[in-house]
Amino acid sequence: MEIFLIKLLQFILAISLLVLLHEGGHFFFSKLFGVRVEKFYMFFDAGIGKWDGSLLKWKPKKSDTQYGIGWLPLGGYCKIAGMIDESFDTEQMKQPEQPWEFRTKPAWQRLLIMIGGVLVNFLLALFIYAMVLFAWGEDYIQPKDMTLGMKFNQEAKALGFEDGDILVSTDRGTFKTFGGDLYRDLSKAREATVIRNGEEMTIALPGNLNMLGMLQSSPRFVSPLVPAVVDSIIPDSPASMTGLQKGDKIVAINDKPIDSFNELTDQLGRLTDGLVDAKTHEDSLALRQVMIAFERYNGTDTITFPANATLTEDMKLGFMPRNVYEDYQETHVSYGFVKSFPAGVKYGWKVLAGYVGDMKYVFTKDGAKSLGGFGTIGNLFPSTWDWHAFWLMTAFLSIILAFMNILPIPALDGGHVLFLIYEMITGRKPSDNFMVKAEYVGFGIVLLLLIVANLNDVLRWIGVM
C-alpha cells in the first residue's frame, strides 16, 4: 500500500504541475493579446445535477477569470472567450463579436494562443533536463563496459550474434547506455560491432528490424547477461527449502543446463506457459515440481548439489541474483550551469525524436496492446521517493503531453492549429457549425483512446494481456 501511495503522489504532483503550466501557456498568450479567459481550472469540473463540479473555486476582484479545481482528474482547461473548445459553449458564439474575444483576433495571435501550452511543456522539459544534468550529472554504464556480455534470443543468433558478445556500436553510432536507444539503433542499423573473445567483429543487420517485436519477444532480442548466482534468498520460499545459499550458482533445471539467470527465467517461463493446459490442481502441481542443480565452492573444490523444489503458484523459485552492474565501470559526466542548457536541449530533443519515431508502432496490433493508461504511467515512477527519477519522469511526461496535444486531432491544440493554418493559407475561416462538429469528433477520438489505454491496464492487471 505504501508503494502505491508513493507512486500515486508522484503521479498526481507531476500531472498537476504539467497541466497547470500547459494551461498557463494558453493563459499567458491570451492575456498578452487582450483575450478574456473566463475559467482557468485544474482538472475538469463536469457538473452533476445542481452541483457545478468544482471542488474549489474563486474569482479575484476586478478579474474576468474564475479559477478552480474540478473533481475529474483527466487534465485541465482554460476557457477562452469567443472560442469553440471542449466546453461546447455555442451560445456565446451566437452573440455579437467582442474585441476581447478569441475569434476577433488576427490568425497569427490565435495561433500563438493555441500553441502556448505545447510550447511551455516542451520548454519545461528541456529546462528540467538541463537542471537535472546540472544537479546530478549523468551516471551510466556503457554496453562496451558490460564485460560479461549479453544474452541473445534465437532471432538475434540467426543474424550472427552469440551469447557473451559485448555490444559496442552500430553504423549509427556508439551505444551510450543499454536501453531503448540501443534497441532503436539495432532495429535501423546495417551492421553492428561486438567484442567476442576479446576481439572486435562486425555483424551484418537488415536495417528494418521490428523494434516493438524485439522488445516484446520472450526472451528479448538482447539482454545484459546475468549469471544465475544467488545473492539473497526470500524467506520461506522454495529456494530456501532447497538449501540454496548466497554465492551458489544454479547450473540446471529439470536436467536442462542453465548458463545464466536469463536462461533460468526463460525456462521458468516455458513451465508457466504449460499451466494454460493444466486441467486440474494435480496437473498444476506436477508442473511446479522441478529438479534443480547448483554449484557451491567450499574453499577448495566446486561441488554440485541436486535438489527438488516446488515452485510458487506464480512459478517463482524465490531468490535474487547477484547484481552484476555493481561490478561494471560506471561513467559519470558532470555539467556546469552554462553547459547544462545545451546538454539538456540535446537530451530532450533525443527523447522527443525517439518517442516520435516509435509512434509508428502504435498503429500495429501489438502496438495498440502496448498502450497504457493512468496505471501504466503511474507505475513508471519509482517505488521510493527519488527526486532525480521524479524530475526525469516529469520531463518525459511533459514531452509526451506536448507531442500528443500538437497532433492534428480536433479537440486537441493541434486540431485548432490545423484549422488556423488552413485559414491563414486560404483566407477562409471554418464555420462555427463545422468547428462544433469537429470538436465532437475529436473529443470522441480522445475519449476512445483513453478508454482503450485504461482498458489495457485493467486487462494486464487481471492477467488477460
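**Figure 1. Helices α3 and α13 meet in a left-handed crossing.** A crossing is called left-handed if the near helix is turned anticlockwise from the far one by less than a right angle, and right-handed if clockwise. What you see here is a predicted model, in which local features need pLDDT of at least 70 and side-chain atom pairs count only at pLDDT 80 or more, while totals for chains, interfaces and linings use all residues. Residues are numbered from 1 along each chain as its sequence is written, and side-chain values use heavy atoms, with hydrogens and water left out. The axes of α3 (residues 107-136) and α13 come within 8 Å and cross at roughly 155°. Axes are lines fitted to C-alpha atoms, for helices over the stretch in contact, and angles run from 0 to 180 degrees between N-to-C directions. The two helices are therefore roughly antiparallel to each other (under 35 degrees counts as roughly parallel, over 145 as roughly antiparallel, 65 to 115 as roughly perpendicular and the rest as oblique). By class, the contact of α3 with α13 has 18 nonpolar, 5 polar and no charged residues. Here Ala, Val, Leu, Ile, Met, Phe, Trp, Tyr, Cys and Pro count as nonpolar, Asp, Glu, Lys and Arg as charged, and the others, Gly among them, as polar.

**Figure 2. Helix α13 also packs against helix α10.** Helix α10 covers residues 337-358 and helix α13 residues 387-406; their axes lie 10 Å apart at an angle of about 55°. That angle makes α10 oblique to α13. In this pair the crossing is right-handed. Look on the α10 side for Tyr347, Gly348, Val351, Leu352, Tyr355 and Val356, and on the α13 side for Leu392, Phe396, Ile399, Ile400, Phe403 and Met404. Contact means heavy atoms within 4.5 Å. Sorted by class, the residues of this contact are 11 nonpolar, 1 polar and no charged.

**Figure 3. An open sheet of mixed pairing runs in the order β2-β3-β1-β4.** Helices (H or I, at least four residues) and strands (E, at least two) are DSSP runs numbered from the N terminus, and two strands pair if DSSP finds at least two bridges between them. This sheet has 4 strands, with β2 and β4 (72-80) at the edges, each pairing on one side only. From one strand to the next, the twist averages 15°. Strand β3 (residues 66-70) and β2 pair in the antiparallel sense over 4 bridges; Leu56 has Ile69 of β3 as its bridge partner. Helix α1 (residues 2-32) lies across β1, β3 and β4, and its direction is about 170° from that of β1.

**Figure 4. Gly53 sits in the loop between β1 (37-44) and β2 (54-58).** Is this glycine buried or exposed? Gly53 is buried, with a relative accessible area of 0% (buried means under 20%, exposed over 50% and partly exposed in between, using a 1.4 Å probe and protein chains only). Leaving aside residues up to four places away in sequence, Gly53 touches Phe44, Asp45, Ala46, Gly47, Ile69, Gly70 and Trp71. Gly68 is 15 residues away along the chain, and its C-alpha atom is separated from that of Gly53 by 9.9 Å.

Figure 5. Strand β13 (residues 249-253) and β14 pair over 2 bridges in the antiparallel sense, and Ile253 stands opposite Lys256 in β14.

**Figure 6. Thr170 belongs to strand β7 (residues 166-170).** Its relative accessible area is 9%, so Thr170 is buried. Which residues does Thr170 touch, not counting those up to four places away in sequence? They are Phe175, Asp185, Leu186, Ala189, Glu191 and Ala192.

**Figure 7. The whole protein chain has 15 helices and 18 strands.** Of the 465 residues, 42% count as buried. Among contacts between residues at least 6 apart in sequence, 66% join residues at least 24 apart.
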